Amino acid sequence: MKFVISILITALLSFAFSLYAAFPWYTFAICAFVVALAIHQKPYKAFLAAFIALFLLWGIWAFLIDAANDHILSKKVAQILPLHGSSLAIILVTALVGGIVAGMAALTGSLIRKI
């Protein structure tokens, strides 16, 4: 149950803090770190919970923004990168980067809690 709660709190806090424009883009990592400190889990579960939370959050958010502008920007960026113009690939890369950063922050928080 702590795993699911950790996913939900990480996603909700990250979303809430991202709405306020004064915070930098990496504020979600701080949220994942704090949630991992507050909710005691094994390090791999803390990593996985934060990874899932941000992978889904950034993936869904990027898809909604991309669909709103008819995939124009993502296709151009995907042509620059070696993604063969696939807008879905650039969304997955975006979600993967967010998930890894959040997972590493949560892993750090979980390991610090052990000290």
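Q: Let's start with I100. Where does I100 sit?
A: I100 is in helix α5. Helices here are DSSP runs of H or I with at least four residues, strands are runs of E with at least two, and both are numbered from the N terminus.

Q: Before we go on, what sort of model is this?
A: It's a predicted model, where local features need pLDDT of at least 70 and side-chain atom pairs count only at pLDDT 80 or more, while totals for chains, interfaces and linings use all residues. Residues are numbered from 1 along each chain as its sequence is written, and side-chain values use heavy atoms, leaving out hydrogens and water.

Q: Good to know. Back to I100: how accessible is I100?
A: I100 has a relative accessible area of 41%, so it is partly exposed. That label covers the range between buried (under 20%) and exposed (over 50%), with a 1.4 Å probe and protein chains only.

Q: And how far is I100 from I52?
A: Their C-alpha atoms are 9.3 Å apart, while I100 and I52 are separated by 48 residues along the chain.

Q: What about V101? Which helix is V101 in?
A: V101 belongs to helix α5. V101 has 29% relative accessibility and therefore counts as partly exposed.

Q: Now α3 and α5 as a pair. How do their axes cross?
A: The axes of α3 (residues 43-68) and α5 (residues 87-114) come within 6 Å of each other and cross at roughly 150°. That makes α3 roughly antiparallel to α5, a label for angles over 145 degrees, with under 35 being roughly parallel, 65 to 115 roughly perpendicular and the rest oblique. The axes are lines fitted to C-alpha atoms over the stretch in contact, with angles from 0 to 180 degrees between N-to-C directions.

Q: What are the dimensions, and what share of residues is buried?
A: The C-alpha trace spans about 45 × 30 × 25 Å along its principal axes. Of the 115 residues in the chain, 37% are buried.

Q: Let's do loops. Which loop holds F23?
A: F23 is in the loop between α1 (2-19) and α2 (27-38). The relative accessibility of F23 is 37%, so F23 is partly exposed.

Q: And where is H40?
A: H40 lies in the loop between α2 and α3. With a relative accessible area of 41%, H40 is partly exposed. H40 and K2 are 38 residues apart in sequence, and their C-alpha atoms are 8.2 Å apart in space.

Q: I was checking the backbone at D70. What's the phi there?
A: D70 has a positive phi of about 60°, although D70 is not a glycine. You'll find D70 in the loop between α3 and α4 (72-80).

Q: Is D70 buried or exposed?
A: D70 is exposed, because its relative accessible area is 57%.

Q: Last one: what about H84?
A: H84 also isn't a glycine, and H84 has a positive phi of about 55°. H84 sits in the loop between α4 and α5. Its relative accessible area of 81% is why H84 counts as exposed.
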